Amino acid sequence: MEYDVITVGHGLAGLVAASELADAGKKVLLLDQEPASNIGGQAWWSFGGLFLVDSPEQRRMGIKDSHELAWQDWLGTAGFDRMSDEDEWGYQWAKAYVEFAAGEKRDWLRSLGVRFFPVVGWAERGGSLADGHGNSVPRFHIVWGTGPGIVKPFAEKVRQGITDGLIHYLPRHRVTDFVMENGMVTGVRGEKLVPDDRERGEKTSREVERLFEVHAGAVLMTSGGIGGNHELVRKNWPERLGRPPARMLSGVPAYVDGHLLGAAEKAGGRLVNRDRMWHYTEGIKNYEPVWPNHGIRILPGPSPLWFDAEGQRFGAPNFPGFDTLSTLGAIGKSGYDYSWFVLTKKMIEKEFALSGSEQNPDLTGKSIRMIMSRVLPGAPEPVEKFMKWGEDFVVARTLPELVDGMNDLVGEERIFLEEVERQIRARDREIDNKFAKDLQVMAIRSARASMGDKLVRVAPPHRILDPAAGPLIAVRLNIVSRKTLGGLQTNLSGQVMGADGEPVPGLYAAGEAAGFGGGGVHGYRSLEGTFLGGCLFSGRQAGRALGWK
């Protein structure tokens, strides 16, 4: 069979691109190193959050949003400062993506059967000036069905393409290199791996059955980033974020290893913004790991107090859910690889969610009955399980018992009761009035002015040392590796750019491998809900460009 395009990677960007190509009548070879059980890649494991602007869901909640406000937030968050070089195409992709998010994105997804949970979340709140980092308003739209819900329509379209004879799907084919002829990418070569029936996400065998080589008119690389390769993460770790963590959890499966990025460079592609990455600071070790060193991210409300490893409270903007990158840098410069939340049972019941489709069975399973149980007393069941079996939780009736438990957990007396108590009591005194000088208390009251936060996300302000709000809870927070913000520089058609500023003939990229577009659509920071969206948009752009070609 002759192919028009080889797509390397069966994650969300690859599925979107392959379905667009099939819609255009092109013949596609879809390859991936993992078994077919992993179709959808990282997107399947996600919480399913998407960045939308001025949506009906926002308007129903009284949220006033606009393209102008979203673009202001994007620029303040991205901090593009390499405009004539590495940010040249990332900026153009950002402009196009925000227009997409404020325009046809929602209607396009709804035409494919995608629906959204009615309460819009407020991620990356910022904590600085109006033109600085963060979302000015809630924009985090959760797909009804979470990650599997966003993967489903595109996986179905690919299966239809297979039935129609337009898509040939070969899992367990690990691409290691690109075939070059007269300066043009004309195919790929690699290793056919032995069959492996492990469950989704589990680390699979790399035993080689045979070698292969295939050719096509173009190759589209959608093979992801480097989050599962901690050696490469540390190598690219920027000095501005402090020292790279010696201990780090993995928020992605082991196959997210970036092995094909070097091959793309060898073929002439330009890899830019290597120092920009997005790792989470609220990681807990999974008591039932699927992949090696499996970490789960807490999605916190704004109320928990955040302390460094020695018990010193972080200041603005390093509050829960406000500025991921700033907090990552503060932890890195603290000299330790971890930090602490201190909160109450009353807070955890309303403010703790866990990222991931498997940690949200109500939303993933589209169960109204289970969702309604979230308003009942008690933390959500997945959170309760981590409190019971997770190694990072300490629960105590009194503050002295809590501090003892925190020190016992790390095996060293690093936190002193008197200092922690002083800081908590100082914060608690700010609760008595509806106004305060403590910026975190001010932020909590501001958040509760948002209907969604008040209903399901932010607990009423209360004293942490109030026994009626207890017991007290401490959570050791680990760094969790996640996303590559840099990548292969691409133009708006998804063509990979070379060092000379011209496209590498025959080579395209989309998704995380391309920095979600242009080699870095996010700049330095993300507004959240933009990783799945970046895969959707860049995969669609590349697929349509190749389909037209």
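User: How far apart do the centres of the positive and negative side chains lie in the chain?

Analyst: This is a predicted model, where local features need pLDDT of at least 70, side-chain atom pairs count only at pLDDT 80 or more, and totals for chains, interfaces and linings use all residues. Residues are numbered from 1 along each chain as its sequence is written, and side-chain values use heavy atoms, without hydrogens and water. Lys and Arg count as positive, Asp and Glu as negative, with His and the chain ends not counted; each charge is placed at NZ of Lys, CZ of Arg, CG of Asp or CD of Glu. With 66 positive and 70 negative side chains, the two centres are separated by 4 Å.

User: What share of the residues counts as buried?

Analyst: Buried means under 20% relative accessible area, with a 1.4 Å probe and protein chains only. Among the 549 residues of the chain, the buried share is 62%.

User: Which residues is G121 in contact with, leaving aside neighbours within four places in sequence?

Analyst: G121 sits in the loop between helix 6 (105-111) and strand 4 (140-142). Helices (H or I, at least four residues) and strands (E, at least two) are DSSP runs, numbered from the N terminus. Contact means heavy atoms within 4.5 Å. Beyond those neighbours, G121 touches P138, R139 and F140.

Terms used. Buried < 20%, exposed > 50% of the residue type's maximum accessible area, 1.4 Å probe, protein only.
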